[in-house]
Amino acid sequence: MHDILTNGIGSVNKAACQQYKGLAKQLGDYYLPEPQAIMNEIIQAVSNISEEPDDRETNNIIALCVRLGSAVKKSRDYIDAKLESGEVLPEDNILYEEMGGVWKLSQLKELGLFRENTALLQLSFARIDDVMHQSFVDEGYWLDLDTGDIFRTDNIRPYKAMKYIRTEDAKFDLYVVQELYLYPGSLNRRVRWEVSESFTAEEKDYRQALSKAETSISAAVKKAKNELKNTLSRPYAAVLIRFDSIEYAADGHGVMKCGEETIALSDCREYPDACKTLKLIAGGIGGGAVFGGLFYNAQEHRFTLSPFSVVTEKDIIRL
Amino acid sequence: MEVKTNPFYELRNRLYASAAAGCALIAEDFRLKRAIEAFQPLSEANKVFGRLYAMCNALLTSENKAADIIDCIALADALAVTQGTFADGSETAPVPADDFIKPVRMTVNELESNREYIRKLQYTDQSYYVSAYDSMTDPRMIGSLFNIAGKNGSGVATFLSNLLAKYGDDIVPLLFQSLDLYNKNATGNQVRIISANFREKYNDRYIQLAEDETVTANIRIAAIEAMQYEPKNEERLLDLYKLSKGKIKNAALISLVRMNAPSAEAIVEKALTKSKPDYELACESDSKAAEDYVRKLHFDKLYEAYNTAGELPKFSANFDLLGNKKNIGDVFEKWGEYYSSRPLKYDISSRTPDYYYENETLIENLYKHGDKEYFDMIRSLYEKYPNVYAYSAFFAALIEAPENACKKICKNHLINDKSLFYVIDKLFRSPDGWYRIKKVPYMNEDNYENIKLFRKIPDDMIEFLTDTSVIYDFNELEKNFKSHEELWTAEENMRWRCVALSSILCICGDDESERIKAAAAEYAWAMAKKYPISQALTFLKEFGGRPLDEDIIYNYVKYSKITMKGHFSFSNTMERSDVPEDVLRKVCQRIMNDFSDNSDLISHVKIVLEKLDAKEQ
């Protein structure tokens, strides 16, 4: 990273890439999964760089270097603080996992990171091939019907251990979780549970979900800004936003309207055909709420929404 | 903040550019310096901007530029996020609602299975998969439909036919939407299947596609073919014929001929007087010129037939010429007369009915036109020459009066059964619950046509298929028949009933299966006693209702050894059959006594006995 930033991207060659692969492997050996993943992304981006790279390609590599640099710096500060205080037990901090820690549910409970009797409705589900982390992730987003918080479940299946780990699938029932354990984080926290009861979701549950949606795009974007400004944040903020209509521009891209506000719709890697699917039903849904990811586009300096599902009074339409 | 002139975004861009070029050069990077200077006024308005300004200034003289530029970029990125906008000012319009699209609740596994089922259709026929059809209204499946709809192959053809049967008009707009209008490899098959099912109903759309010169040729040709169903299209087709070239011109002419347009008559007449007459036009046309031409051709052939000793070479292809002509019945009569004057022959070399091509032409008329005149023609021919025209007569009877079609046509099992089996084999059941008959055993992009018949398998057909009067004792077969061909035909008639019953059980609805199984089981028991083929035993194992007894098993062994019909493995068959162990032992003992000189059979019997002994232990 230091080399790339000092000498520039032009200095990276095949020999350098091999060296970086060795470093990435060492990060894995020391069980530093997040820095290793970022390192792998840098190596991939550098290997794929074209003969005459444009700003997007070079900026992507620089952004990854910055992310890695920030991760290293924050991790160093975290470890230094731990050494100084002598407190070795994990605490409510995302760095614990990024530095290779594996949370036990009992640890989360001890730290008070749990809720009781939480009613959850799944808003979307996708199977994601996380090449950088060498694993498949069965990712579900859930809405807490009481508080309106949006949580995330991740069933991680490393490539090497795939045949030993059961895959998960989409869920349509209402789940009442006895003890819901929350991983450290802010927006869209990862959750897990062991015991729950399921009930057939009814129209009152969908109406309840709708009542928890943001009533304006600006409110949702404000939440997203707060989250995405952090260097180590996820690439998007998952939000539920009410809409009045979804219309389409001449070039085919969708625009979601909420009162006077508008936002462009775009696809993302996790839901590559969602916009096409939404276009097929947009004419038939008169209002509801779109659940999706708010992404910040650094080239265009603006936010777009990638839809994952549509919540109506009668159902949740998966895209 | 106006993005283009915004000093903040310019500073951020310069920071990225410097990092990309390498921090070692920052000291000489005058563009970065300029951007920092231009940012200074903004930095005074905002504390965080001020911090960024200070960090960038420090970067210029820093000892550790690589580390410091990371901090500068990280802060700039965070600020960029907070500055981000979201409004989209594009001119937009709503999309119309599509009544067909109705989301279906599916897990990811179900969605992937359904998509995979549809993807594979282009490579192979696949058995009916309820989930894939039921899920077709879901918007996530539409992409799969669009990918497959224009592909060739019997799997795709069957799928589209079933979809149309299930959803009717509702799915037609989507099929039109799936047309890849400007792809030169597009087939236009969607237009063909729509027109095969709906004829002139979507004429406006056919015209739109046919007359648009920017649309790819194959799609235009399919649309031109579809225009044949509406007589008002004559002028347009004539224009297309006059103004186009090559395949499009030809397609326009064929459509004109098929609709019996007066404007095409002169063209047909001219085409038939050439040294190499146009065969396709002669087949398609119902004009006087075409009629006269084919009548002469056939009468010449008949003359040759009457004056030829021995077997006349097959005249198959030319029976196409008699199609699409309402006044050509006399030629069929002449052929009927000719065939009836010759000794009756049992063609044991093939499953296709006797006088196949003659009858196929008559049947083709029913698919294409369905006019009363064509039904009358078949009826009249059958009355005069029942042995020759039984095949087409049964087909027509199945459409007009299925409740007694089999009884009406099957007067002699040895002569008629083959035709009935052939027709019954083409039955299928579409998702809307109707039994239909395909034009060809395997639908494809040239043959989507099918005719709707009935909602329940007629009792008459079940009675025909389970008629035990056709069953002969295999020990006495040779006594009952004069010739080897008759004997073989009788055996095939017994066997094909089992095959046909199996097929019907595969396609029938749940509400009928018990009735058909009960009838099939009775037939199978009768077969097992006198002519015990393995298909009958398999039937009995599945739904015979009681285990096989000793005499039936013994009969089966004796039949297999005496008739040497195909591969026979006693041990495998016994394992498959539902035979109680004590019965099996008795049978084995009898076989060892009666077939002691058959070492192959004895060795199989010993294997079975060993397995039984091992079980006991």
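Helices (H or I, at least four residues) and strands (E, at least two) are DSSP runs, numbered from the N terminus. Keep that in mind for the exercises below. This is a predicted model, where local features need pLDDT of at least 70, side-chain atom pairs count only at pLDDT 80 or more, and totals for chains, interfaces and linings use all residues. Residues are numbered from 1 along each chain as its sequence is written, chains are lettered from A and ligands numbered from 1 in the order in which they are written, and side-chain values use heavy atoms, with hydrogens and water left out.

**Exercise 1. Salt bridges within helices**

Task: Find how many helical turns separate B:Glu514 and B:Lys517, and say how their side chains meet.

Solution: 
- Step 1. Locate the two residues. B:Glu514 and B:Lys517 are in helix 27 (residues 510-530) of chain B, and because they are three residues apart, about one helical turn separates them.
- Step 2. Look at the side chains. They form a salt bridge (a side-chain nitrogen of Lys or Arg within 4 Å of a carboxyl oxygen of Asp or Glu). Here the closest N and O atoms are 3.9 Å apart.
- Step 3. Check the accessibility. Buried means under 20% relative accessible area, exposed over 50%, and partly exposed in between (1.4 Å probe, protein chains only). With 55%, B:Glu514 is exposed, while B:Lys517, with 27%, is partly exposed.
- Step 4. Widen the view. One network, joined by salt bridges that share partners, holds B:Arg258, B:Glu284, B:Glu364, B:Lys368, B:Lys439 and B:Glu449. Over all chains, the search finds 58 salt bridges.

Task: Now treat B:Arg295 and B:Asp292 in the same way: where do they lie, and is each buried or partly exposed?

Solution: 
- Step 1. Both lie in helix 17 of chain B, three residues apart, about one turn of the helix.
- Step 2. B:Arg295 counts as buried at 16% relative accessibility, whereas B:Asp292 counts as partly exposed at 33%.

**Exercise 2. Pairs of rings**

Task: Why does the pair of A:Phe136 and A:Tyr159 get the class it does?

Solution: 
- Step 1. Recall the rule. Rings of Phe, Tyr and Trp (its six-membered ring) pair if their centres lie within 6.5 Å; planes under 30 degrees apart count as stacked, over 60 as edge-to-face and the rest as tilted. By this rule there are 38 aromatic pairs over all chains.
- Step 2. Apply it. The centres of the A:Phe136 and A:Tyr159 rings are 5.5 Å apart and the planes are at 55°, so the pair is tilted.
- Step 3. A:Phe136 is in strand 2 (residues 135-144) of chain A, and A:Tyr159 is in the loop between strand 3 (150-158) and strand 4 (174-182), 23 residues apart.
- Step 4. A:Phe136 is partly exposed at 25%, and A:Tyr159 is partly exposed at 28%.

Task: Which helices does the pair of B:Phe8 and B:Phe39 tie together?

Solution: 
- Step 1. The ring centres of B:Phe8 and B:Phe39 are 6.3 Å apart and the planes are at 40°, so this pair is tilted.
- Step 2. B:Phe8 lies in helix 1 (residues 7-21) and B:Phe39 in helix 2 (residues 30-45) of chain B, so the pair ties together parts 31 residues apart in sequence.
- Step 3. Both B:Phe8 and B:Phe39 are buried.

**Exercise 3. Where the chains meet**

Task: Describe the interface of chain A and chain B by its contacts, its buried area and its salt bridges.

Solution: 
- Step 1. Count the contacts (heavy atoms within 4.5 Å). In chain A, 58 residues are in contact with 47 residues of chain B.
- Step 2. Take the buried area, the accessible area (1.4 Å probe) that two parts lose on being put together, summed over both. For chain A and chain B this is about 4200 Å², and carbon and sulfur atoms give 62% of it.
- Step 3. Name the main contributors. A:Leu5, A:Leu280 and A:His301 lose the most area in chain A to chain B, together 16% of what that side buries.
- Step 4. Look for charges. The rule finds four salt bridges across this interface. B:Arg105 and A:Asp315 form a salt bridge, with the closest N and O atoms 2.8 Å apart.
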